[in-house]
Amino acid sequence: MAQRTKLFLWRHGPLLTTLSIFILAYFIGAQMYPAMQKPQAFFNLFINNGPLLIISIGMTFVILTGGIDLSVGGVLALTTTASAVLLQNGVSPALVMPLMLIMGTALGCILGCIIHFFKVQPFIATLMGLFFARGIAYIISLTSVTITDSFYKYLALSQVPIPFVPNAYVYLPSLIGPALLLVAIYVSFFTRFGRTVYAIGNNEQSARLMGLPVGRTKIIVYSLSGFCSALAGIVFSISLLAGYGQFATGIELDAIASVVMGGTLLTGGAGNVIGTLFGVLIEGTIISILQYNGTLSSWWTRIGVGVLTLVFIGIQSIFYMQKRHS
Amino acid sequence: MNSTPLGKRSVSSTPLLSRIRESRLFWPLAALAVILIFDAIFIPSFFRIGVQDGHLYGNLIDVLNNGAPLMLVAIGMTMVIATGGVDLSVGAVIAISAAMGAVLINPALGDRLVTNDILTKDATNTPLGVIVLVTLLAGTLCGLWNGLLVSRARIQPMVATLILMVAGRGIAQLITNGQIITIYYTPYFWFGNGFILGLPVSIYIVATVFAIAWWVTRKTPIGLFVESVGINPKATYYTGISEQNIKLLAYTFCGFCSAIAGLILSSYVHSADGNNNGLNYELDAILAVVMGGTLMSGGRFSLLGSVIGALVIWTFTLSMYTLGVPDKALLAGRAVLVLLVILLYSDQSRRLLNRLLDRKGAHHGAAD
């Protein structure tokens, strides 16, 4: 029994660490600011971090293959700007949303192809993707564009009550993240594609020798990340009812931080999407605490996220180094 | 310098055409020539150089002066990329050192407001020497931090420097208390606006840093060590070279270069802004380095190539400004350009190009 408990702890160590850190952080926050004890404060985490959760899910798959996607913020900003301008010109939301998703997927697919066929390092290709997407957003509009579409407004204000919890609600777009998470869990654990992603991250050479479709999987993973970024962009533009090329600067580090905090190894091959959820929640909690404090300025969140990423990379390397030794 | 890299074939037997084609400086110089020819046709006024108050002015001088910070960052970035890494934090380091300099000069710390008194007095809180020293030190420390993370903590360069790229802008805002600090201290402006013998001061600074970097990498073994770390870190380690210290040196040097760039930039615009100083410099620096013929995977590098790459970027940018294209609209174009250059240098396209050109060369050889 003790042996099995030990094995369980070893296997799920990073995830349990993340979970306990989240509970600890939330507990400390609730002690400091009693307003955080309300159930709504917890659900606000999902409302405020919807786009981040969606992006982080896509990022998890990319990092699991041993790659990285820095273009997420750019694709998000481009999606908000493009959809805002399209809506302003009277295009129906029913057309805009699929169009944006196709655009994001196509951008991701192009990046994936460049990475796979031309052997360009993932970070450099996606960094250029980031600048490219932001640049296109600026070409579309140099200033912020407001969205006045009635369907977007309806979505932005549609409250969904949480069952069994009185007076608690989330907005309709905030449900997209958790729904996507369920799909991602299924895909990563119960499909052939998911296992291939892990195999590539562990050892690309072996994966290829095993006859797994390495190239195809990598391209799909980057397309998926592009899709998630576009989806996040739609959610983002609904919540702010605006589009601007400067939106979500630095969200790539937020997403990477969430993924790392969730126990996914940056070199790929280990970790899972469930952890990513808690990574996002930890980030959300810390930002909430800073906001409840009120006197701390916004730049502290940037510094905080940086420090947090570093700490978690440290924790991870200790964990996996010990695992390798044993 | 290294105009003819020694390939498998010896230099003397290679035909002139392919020697030019294989030269690292060929592509950046060709790009520069194309842009200048474009300017000569469409914007003839671009080449006008005048003399005013005993110094030169004109678009070409502006290219040198505005491009100086980028040239410096590109020199530092070349060393980092040569070790097989990358430094994404250069823009943030520029912001940090600019903020440092501005805060030391400007007595208006925290919530205090700048009074008319200070404006007219040209006042500074600290002597100029200390300002320069602390500014450079701040940037160098940032570089050292990156170097420690990469070499000692063994975090991938991209992630290690990404942390400072995002957190660094926060730190810069922390230093300036979230304000855009305007500088009213005239001697400080000399770095970005001064002239020596008719040429901008900044270009002399670039020349000095370049000379030092060139001497260190070409006249001492350090250049060889850097290249060997970039080609195979493990083998370098086994030959007894401290691969960690070489990396540490490269990142620290890059931080130092970014700090000088920050000094020049803040002096040029008379202010420090944590959010916008050195914005997108990481993109431009990487572009300059890859255009200069240094491979992203590390190994052989060309400092002169990177400097020419930086010149190409600024000649292009200023030409576009002259034509009235807004700065932000150029962003997408530059990103595509980086990818194109990288693809051009990639093994796949190089093999294709060589196959095409060698076929022609073979015919010539048969005729001989």
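## A glycine after a helix

Just past the end of α14(B), the residue G324(B) adopts a positive phi of about 90 degrees.

## How confident is the prediction?

The model as a whole scores ipTM 0.80 and pTM 0.84. For chain B, the mean pLDDT is 84, and 87% of its residues reach 70 or more.

One stretch of chain B calls for some care. Over residues 1–11 of chain B, pLDDT stays under 50, and the model has 14 contacts for this stretch beyond four places in sequence. Where pLDDT is low, the predicted coordinates should not be read in detail.

## Where the two chains meet

Now to the place where the chains touch. Here, 32 residues of chain A are in contact with 32 residues of chain B. On the chain A side, α7 (122–140), α13 (251–261) and α15 (299–325) each supply at least two residues. The most comes from α7(A), which gives eleven residues to the side that touches chain B. Sorted by class, this side of chain A has 23 nonpolar, six polar and three charged residues.

## A residue with contacts in both chains

Because 22 other C-beta atoms lie within 10 Å, and 20 or more are enough, M158(B) counts as buried.

Which residues does M158(B) contact, leaving aside its neighbours within four places in sequence? They are I68(A) and F123(A) in chain A, together with V86(B) and L88(B) in chain B. M158(B) and D87(B) are 71 residues apart in sequence, yet their C-alpha atoms are 6.9 Å apart in space.

## Two helices crossing in chain A

In chain A, look for helix α9 (residues 176–190) and helix α10 (residues 192–202), whose axes come within 5 Å and cross at roughly 70 degrees. That angle is why α9(A) is described as roughly perpendicular to α10(A).

From α9(A), the contact involves V187(A), S188(A), F189(A) and F190(A), while α10(A) brings F193(A), G194(A) and V197(A). The residues of this contact between α9(A) and α10(A) divide into five nonpolar, two polar and no charged.

## An enclosed helix in chain B

Helix α4 of chain B covers residues 90–105. Its 16 residues should span 22 Å at 1.5 Å a residue, and the end C-alpha atoms are 23 Å apart, which agrees. Are the residues of α4(B) buried or exposed? Of the 16 residues of α4(B), 16 are buried, so this helix is largely enclosed by the rest of the structure.

## Two loop residues with positive phi

L197(B) has a positive phi of about 50 degrees although it is not a glycine. You will find L197(B) in the loop between β4 (195–196) and β5 (199–200) of chain B. L197(B) counts as exposed because it has 8 C-beta neighbours inside 10 Å.

N280(B) is not a glycine either, and its positive phi is about 65 degrees. This residue lies in the loop between β6 (271–272) and α13 (281–291) of chain B. With 19 C-beta neighbours inside 10 Å, N280(B) counts as partly exposed.

Definitions and conventions:
Residues numbered from 1 in each chain as written. Chains lettered and ligands numbered in written order. Predicted model: local features only at pLDDT ≥ 70, side-chain atom pairs only at ≥ 80, totals over all residues. Contact = placed C-beta atoms within 7 Å. Helix = DSSP H or I, 4+ residues; strand = E, 2+ residues; numbered from the N terminus. Nonpolar A, V, L, I, M, F, W, Y, C, P; charged D, E, K, R; others polar. Axes fitted to C-alpha atoms, helices over the stretch in contact; angles between N-to-C directions. Parallel < 35°, antiparallel > 145°, perpendicular 65-115°, else oblique. Buried ≥ 20, exposed ≤ 12 C-beta atoms within 10 Å, placed from the backbone. pLDDT = per-residue confidence, 0-100. Expected span 1.5 Å × (residues − 1).
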